[in-house]
Amino acid sequence: MRIALFITCVNDLMFPETGKAVVRLLRGLGHEVDFPLEQTCCGQMHANTGYREEAVPLVRRFADVFGSYDAVVSPSGSCAAMVRDSYPGLVPRDDRVASVSSRTYELSELLVDVLGVTDTGAYFPHRVTYHPTCHGLRMLGLGDKPLSLLRGVRGIELAELPAAEECCGFGGTFAVKNAEVSTAMLTDKCRNALSTDAEVLAAADNSCLTHIGGGLSRMRAGMRVMHYAEILAAREHDLGPSAGHVDEGTLR
Amino acid sequence: MTIPHGSGNLVGLPFPTAAKPRVRDIGLRANLRRATGTIRAKRAAVVGEVEETGDWEPLREAGRAIKARTMRHLPELLERFEAKATEAGAVVHWARDAGEANRIVADLIRRTGEREVVKVKSMATQEIGLNEALAAQGIAATETDLAELIVQLAGDEPSHILVPAIHKNRSEIRELFRARMPGTDDSLTDEPRDLAEAARKHLRAKFLSAKVAVSGANFAVAETGTLVVVESEGNGRMCLTLPETLISVVGVEKILPEFADLEVFMQLLPRSSTGERMNPYTSMWTGVTEGDGPSSVHIVLIDNGRSATLADEVGRQALHCIRCSACLNVCPVYERTGGHAYGSVYPGPIGAILSPQLTGIEANKTLPFASTLCGACYEVCPVKINIPEVLVHLRQESPKNLAEKSAMGAAAWVMGSRRRYEAGLRAARMGSFPWRAKGSLKHMPWPMSGWTSSRDLPVPPKESFRDWWKREGEGR
């Protein structure tokens, strides 16, 4: 099976470790993974902020770049939801777009539904709480797929996050256009996260994690955020999540 | 031809401006947290029962389908309703907008010679500002729903569709009753039972003396010409049966094709709204019945922007709303701002898509952005209104700020080619180089100051993912 990694523009620039973790993870499980260098952005920011015309060429571009692969995997619930949920509406009656859209998966969907993985062989002896991000939860319907994979990690101690399904307040440009409300939502998310006494808050979306991590860092909370792919790819010889990280909340 | 938009209590300050003081109001936040949390739990329990039997999704789908069919045939169904209601002895009036509806109702009341009317809780009359319009003509309208009465006594505005006084707690209500409600003294406690009893005594006198009542309607059945009011307190039943004249103000979208359709909505509405299997009082009336109830029955059908909304293929699903307010109770934005921040009688997620369509987007351009698109509203909507989809659609229609538009255009241009994209990544890394040692940014200039006011922003690391991939020879 030819699997292509759709890293997303935010991860490409800001969070390369997440992409490396996905590559390590899939190769470790015996799968080939390719990274088509022509990929850029899925157009979610444009489409969700009211710039449909600007998003449409990016949708077509995505279909060009990824059309020849059997499966496209993304470590972002939100961008995967954009491709699978919103693409067919943005460029209707286009078979190429519809086809690539239906073959695009968030990481846990590819692992659990397509590849039938239950154990990634990970070792991560830390207390972790998991935040199900909104688009993964409600648009993709990930259910407990990411959590089921985390449960299989050796050494991990999972703490349930109170009000887990409530939005963290990010919402793309919402965080800037409605900063007051966004901050109020973030504060409640952080309060719930801190109540778990976890060292790490994990999620399937680095954009949401940038938001929650940015709040935790500002509070000097002593808790950091991490993409769950990096936990699934963690091995015994790795340094712990806190080794060398003096700035709480940052992703690395 | 452009279809006229609506008027009335549908526009306030821009959402971010109106939200600011509310987010900082500690008492309001506590009241909202407690109240929405309680209703959420009640709804989850009674909807859960139906989900377990596998019936909830088919019910929602049936509700959606009936509403969609209604919208496709709205003109014919309205004419059928008018014919049936008229046949049964009601007088049907048509109002283009708030002003016209208010004039019709005021004229009808003036003709009775009365100066006082009792009211059943109604979103349509809140929307058109009927109470204020009647007051200007010297007619006093008394709200008889407990929460509406509280809001009216306080000279306040409702902040929730179902529980309009959700922003007030019981001590605030006791103080209000003591100060403003006739026949109340210092012995009044803040026990809910005592507060309700005080209101009951006050209202009983109004019910018994009123000659005219004004209501809305939850449903209007085209097949029979029947109006339906769904309520909990029995005040509605009093108003709908005791007075001689009954005037009902009904939005044109409240039509249901057939009487049997109520079977679906009477299962969906109470569960989604108050979190009950069935509401205590459901009143239905068809025109005039000799010797039973009001002898003069008027129905004012209002458009007020609904035809304009119906003309929008994506946005028209907002007209499917049955005003249950489940979306308000699960909305993380609503829970932190309350309803007043939305500036319209329709707050929360449904308000964010309904108000801008009724008034036209120019008048209400910040509301479609008052959401993180988290989707919690869509998940609970009993008629499956895809609120996030309509929000994004309205953002598309909304007038654009020039600076934002050029930034978005530039970003799309950069993302349009690999060469430009890679140059962009390099520029972002080089531009943030001076701050890399710090790990994150604490202060940024406008507009990103909105972010850094409460959140640190990480700095891009030295190497992008693609550079690693190339350097390592396809990541190996």
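**Entry 1: chain B as a whole**

How many helices and strands make up the secondary structure of chain B? I looked, and chain B comes to 22 helices and twelve strands. A reminder to myself: this is a predicted model. I then checked the extent of chain B, and its C-alpha trace spans about 90 × 55 × 50 Å along the principal axes. Chain B has 476 residues, and 51% of them count as buried. I also looked at contacts in chain B between residues at least 6 apart in sequence, and 75% of these join residues at least 24 apart.

**Entry 2: one histidine in chain B**

Next I picked B:His393, which sits in helix H18 (residues 387-397) of chain B. Is B:His393 buried or exposed? I found 22 C-beta neighbours inside 10 Å, so B:His393 counts as buried; the cut-off for that is 20 or more. Setting aside neighbours within four places in sequence, I found B:His393 in contact with B:Val314 and B:Gly315. B:Val314 is 79 residues away from B:His393 in sequence, yet the two C-alpha atoms are 7.2 Å apart in space.

**Entry 3: the two domains of chain A**

I moved to chain A, where the domain assignment gives domain 1 (3-114) and domain 2 (127-242). Taken over C-alpha atoms, the centres of these two domains of chain A are 21 Å apart. Their contact takes 27 residues from domain 1 of chain A and 21 residues from domain 2 of chain A. On the domain 1 side, the elements of chain A giving two or more residues are H1, H2, H3, H5 and helix H7 (107-114). I sorted that side of domain 1 by class and got 13 nonpolar, eight polar and six charged residues.

**Entry 4: helix H4 of chain A**

H4(A) has 15 residues and reaches 21 Å from its first C-alpha to its last, close to the 21 Å expected at 1.5 Å a residue. Which residues of H4(A) are buried? My list reads A:Glu54, A:Ala55, A:Leu58, A:Val59, A:Arg61, A:Phe62 and A:Phe66. They cover an arc of only 165° around the axis, which puts them on the same side of H4(A). I checked what covers the buried residues of H4(A), and the cover includes strand E1 (3-5), H3, E3, H5 and H6 of chain A, together with helix H19 (402-415) of chain B.

**Entry 5: helix H6 of chain A**

**Entry 6: where chain A touches chain B**

Last, I looked at the two chains together: 54 residues of chain A are in contact with 50 residues of chain B. Several helices of chain A each supply at least two residues to its side, among them helix H1 (9-14), helix H2 (16-28) and helix H12 (206-219). Which helix gives the largest share of that side? H11(A) does, with seven residues. By class, I have the side of chain A that touches chain B down as 25 nonpolar, 18 polar and eleven charged residues.

Note on methods: Residues numbered from 1 in each chain as written. Chains lettered and ligands numbered in written order. Predicted model: local features only at pLDDT ≥ 70, side-chain atom pairs only at ≥ 80, totals over all residues. Helix = DSSP H or I, 4+ residues; strand = E, 2+ residues; numbered from the N terminus. Buried ≥ 20, exposed ≤ 12 C-beta atoms within 10 Å, placed from the backbone. Contact = placed C-beta atoms within 7 Å. Nonpolar A, V, L, I, M, F, W, Y, C, P; charged D, E, K, R; others polar. Expected span 1.5 Å × (residues − 1). Arc of directions from axis to C-beta. Domains from an automatic or database assignment.
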